[in-house]
Amino acid sequence: MTDKELIDGFLSGELDEAGMAQLEAELRANPDLVRELADQQQIEQALKVLLGDDAADQQVTVSVLSVLRADPLDSFKKDLLAEVKQEAEQRRREEAAVKVPQLPPPPAPAPVEAKPVLELLPPPRAARRRVLPWIAAGVAAAAALVVLGVTLFSGVEKAPTVDSHAFLLSVGPKARVRRGEKLLPARTDMVLEAGDVLTIDDPSETKIGFADDPTRLKLKGPAVLHFIQGGTEKRVELLKGEGEMVVPPQTQPFRALTPHAELRLDQGEFRLVSAADFTRAEMRRGVATFTGKRDGRSVKVEPDHYALAGKDVETLAKAMGGASPSADGPGVVAILRRVQGDVFLYSQSPADRTPAKSGQAILENQSILTEGSRSSLVVDYPDHTRLEIGGDTVVATLTDKKDRTLKVVTLSQGVLNADVSKQPPGKSMILRTPQAEVGVLGTRFLLAADKEATRLQVEEGAVRFTRTEDKKSIEVRSGFYAVAAPGKPLDPAPLPGGVRYLDIDLNSGVTSGEGQWTVEGRTVKQSRVARQAEGGLSTLLCKADAEEKDSMVLEVVAEVEQTTPDTAIDRGTWGFGLEAMFRNRSVVLRSAQGPEGTSVFEFPGITAIPFEHGREGTYRLKLSITRRADSGGRILPEAVLRGKIWQGDREPDGWMIENAFELDGPMTQVGLQTVRCACTFSSFKVKVLKEESR
Amino acid sequence: MRVGERKGRVMDEQSLIQKVQEGNLEAFGSLMDLHVRRLRAVIALNAPVPHLIDEIAHETYVFAYNHINDFQRGTSFFAWLKSIAWNLLRAEIQRFSREQANQLKYAEKRVFDAVPGKPLEHSAKELDGLEKCLERVPPRLKQLIQMRYHLSFSTEEIAERVDQSAAWVRTTLCRLRRQLKDCVQDKMATEKA
């Protein structure tokens, strides 16, 4: 796709993964494109607003009004409740005075007529701003509160009739109410009648309030709620989705039903999840009784506990977020890092899940579930193999059930990026999806699976990809992808606009100087500064399988995580560089910090200082090699070599070095070099931006 | 908008503001209706991520209502809204960049970083320019714009209706937005000169 197509695809939200990868590559390579994309996005947003229909305008207006209305109602209720309390207190004092035995009986009181409840309303107030639109609802709520107050504080056994309705406090854009045969659009302030079914089709939130007390339900779509009844015996049925419910003290238990369970409580706060196969209730406050419909078992659920019931789950209650095992404890297979959004671990059923935390250990029998497209986490194995797990993903296993040292990852659905360290011979890492199996000894790739198909996209190295249906197996190399799906051809295809990476084996690198380099997965640590070697130089060079092409552009990327200049000697400049090695020539571009805070580039004729040298950050070395041919088309040994180095994402224009050299053969090694300092690097990789042969 | 209409609207606006200052919430609803589209469009020209547009518009109105007594009758209500929106947007961008930007995809992050902060007064002029430039778009291309932004058709649906490839639609829309941006910038430069 061209840049223009990529930009429009991005703005319209129609770019697929490959397109997004191509756009990212283009943005990295071309800083002007970022500006263009930003300009285009602003015009796009403005056109959408100017020319779109007025639904979004109305949504803003409605949401503002609902916020402005909610506040005075709450304070109105609060004031009213305080006045009711005062009334009740007064009455209790009067009754207590009447019951004092030593006093002579008082004269018989004049018969008191039962007064209508509304007479207990406070005297008329001065007109208050923002109350007017809520007069009707306020009066109803006031009446209900007065009744509640009288019930609570005067010990009256039975409450008179109360308002048994609920109403919608705020609504998501795709909420609807089914009332009998009618399907009505849901609106803020709409009254919910007994029997109404509220459906929310999108991931928005809808809030429900009750007319007689501050009971609140917050539903997270998609969800379906059957409002059975309000009043003193509130009952709702959550047919699908999840909701948070806050229940103030009730005279009769509040009941929340689902297809698998029933929850009853007198007061409290809880989250209820109603899935197709199970129901889960998490108590935050108060105590509830939870009854599973399948086995009829009832359990008590206390604060910070959850209860489960479902098709394949015995009804139970457990403490939430039990103690996490230590990283080196028995059965630990990996550690979770960078947990974002809704990420859970479970053992037998997704119903029985607990929220995952960064730094937590995962055990051999545990599975991972992420909910929502923005949820993600990283799984680190002890050998530095790393899985980056995306949103809406289920990873059922991380190791073989019998042999924990064998990595067997079952991706039931969703997406993961794997960065696999070199595995021992005979112990290939295996990744399984519903349609395919991937065997790997050490490489980087992306795997995505859903019900119909599995897609494999290889970033670096090569991967064996086997379709489960017919055991057909292919090799997919860097820069290629393949899709396994029933009835579809299983062939590797080049990634559109995809980027190829050279195979780099950090473990088989050669070192010079005394730097003491150690490799842990993708991280390279230099534990000692080279002092004896010439100029304090220390180098790690690794084999890079570049083919000889007529023209080639490579980008070496290294994340410098830590730098420690040698303070033990009276040093000159210190820093680090990236080095490319040809059979007969080495090219080093180095960034260094001068002895008195000055910055220098350590190659001739370059004085530009585009970044702070010798510091942590992402460094990139770009090399362009263009070979020349004689009139007969034979490749000459002389090549034009251009290079530049920079820190961060903003690539400097032009080249920093440009020379004609005799280069014998392709690039054979690539690596890192330090000068009078010790560094830690990670994510070292070599991207092939362009390669052409005549 | 004709002069008579504008005058009528200003009078409506001033009487609505008076009612709101007297505590009439429904009048505030009508007042919002007068400006919501343009306020959202001005924010859209500055928001680094689309979902901030409606968030900021919402917060602007809530703030305006709660401080309506601070508004000086007789001055421009829209200018007051813009200044509130500008302050909220700046604060939100700072907060957003601290808390959320690391969750953005790479391309979103780059756009987020690249969008410059500019006063909303500047964006209001840009918006005027954009409306004028839109009038100059040839009918055939205007049809594309209508299909994308008014009817919310997908690229494939547009391609089918104009009998062109999806690539043509994407490229043409991209060029069109660039031309609109250039046209707006030219207009602003001319006005400045």
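The legends below accompany close-up views of a predicted model.

**View 1. Overall make-up of chains A and B in the predicted model.** Chain A comprises five helices and 45 strands, whereas chain B has nine helices and zero strands, and its elements accordingly read α-α-α-α-α-α-α-α-α along the sequence. Of the 694 residues in chain A, 47% are buried, and of the 193 residues in chain B, 48% are buried. When contacts with a separation of 6 or more are considered, residues 24 or more positions apart account for 52% of them in chain A, and the corresponding share in chain B is 63%.

**View 2. Helices α1 and α2 of chain A.** Helix α1 (residues 3-11) and helix α2 (residues 17-29) of chain A have axes that come within 10 Å and cross at roughly 120 degrees. At this angle the two helices are therefore oblique to each other, and α1(A) passes α2(A) in a left-handed crossing. On the side of α1(A) the contact is made by A:Asp3, A:Leu6 and A:Phe10, and on the side of α2(A) by A:Gly19, A:Met20, A:Gln22, A:Leu23 and A:Glu26. Sorted by class, the residues of this contact are four nonpolar, two polar and two charged.

**View 3. Helices α8 and α9 of chain B.** The axes of helix α8 (residues 155-162) of chain B and of α9(B) come within 8 Å and cross at roughly 105 degrees, and the two helices are therefore roughly perpendicular to each other. From α8(B), the residues B:Thr155, B:Glu156, B:Ile158, B:Ala159 and B:Val162 meet B:Ala166, B:Trp168, B:Val169 and B:Arg170 of α9(B). By class, this contact has six nonpolar residues, one polar residue and two charged residues.

**View 4. The disulfide between B:Cys133 and B:Cys183.** Over all chains the structure holds one disulfide, formed by B:Cys133 and B:Cys183, whose sulfur atoms are 2.0 Å apart. The torsion about the S-S bond is about -90 degrees, so the disulfide is left-handed. B:Cys133 lies in helix α6 (residues 120-135) and B:Cys183 in helix α9 (residues 166-192) of chain B, so the pair ties together parts that are 50 residues apart in sequence. Both partners count as buried, B:Cys133 at 3% relative accessibility and B:Cys183 with a relative accessible area of 14%.

**View 5. Buried cysteines of chain A.** A:Cys542 is buried, with a relative accessible area of 1%.

**View 6. Surroundings of A:Glu364 in a loop of chain A.** A:Glu364 is placed in the loop between β19 (361-363) and β20 (367-380) of chain A, and at 37% relative accessibility this residue counts as partly exposed. A:Glu364 and A:Val332 are separated by 32 residues in sequence, yet their C-alpha atoms are 6.2 Å apart in space. Leaving aside residues up to four places away in sequence, A:Glu364 touches A:Gly331, A:Val333, A:Thr399 and A:Arg404.

View 7. Most residues other than glycine have a negative phi, and most peptide bonds are trans. The peptide bond from A:Gly221 to A:Pro222 is cis, with omega near -5 degrees, and A:Pro222 is placed in strand β7 (residues 216-229) of chain A. Phi of A:Asp304 has a positive value, near 65 degrees, and this residue is found in the loop between β14 (298-301) and β15 (305-310) of chain A. A positive phi, near 60 degrees, is also found at A:Lys471, which is placed in the loop between β28 (462-467) and β29 (473-477) of chain A. With a relative accessibility of 61%, A:Lys471 counts as exposed.

How values were computed. Residues are numbered from 1 along each chain as its sequence is written. Chains are lettered from A and ligands numbered from 1 in the order in which they are written. This is a predicted model: local features need pLDDT of at least 70, side-chain atom pairs count only at pLDDT 80 or more; totals for chains, interfaces and linings use all residues. Side-chain values use heavy atoms; hydrogens and water are left out. Axes are lines fitted to C-alpha atoms, for helices over the stretch in contact, and angles run from 0 to 180 degrees between N-to-C directions. Helices (H or I, at least four residues) and strands (E, at least two) are DSSP runs, numbered from the N terminus. Angles under 35 degrees count as roughly parallel, over 145 as roughly antiparallel, 65 to 115 as roughly perpendicular and the rest as oblique. A crossing is left-handed if the near helix is turned anticlockwise from the far one by less than a right angle, and right-handed if clockwise. Contact means heavy atoms within 4.5 Å. Ala, Val, Leu, Ile, Met, Phe, Trp, Tyr, Cys and Pro count as nonpolar, Asp, Glu, Lys and Arg as charged, and the others, Gly among them, as polar. A disulfide is a pair of cysteine sulfur atoms within 2.5 Å. Buried means under 20% relative accessible area, exposed over 50%, partly exposed in between (1.4 Å probe, protein chains only).
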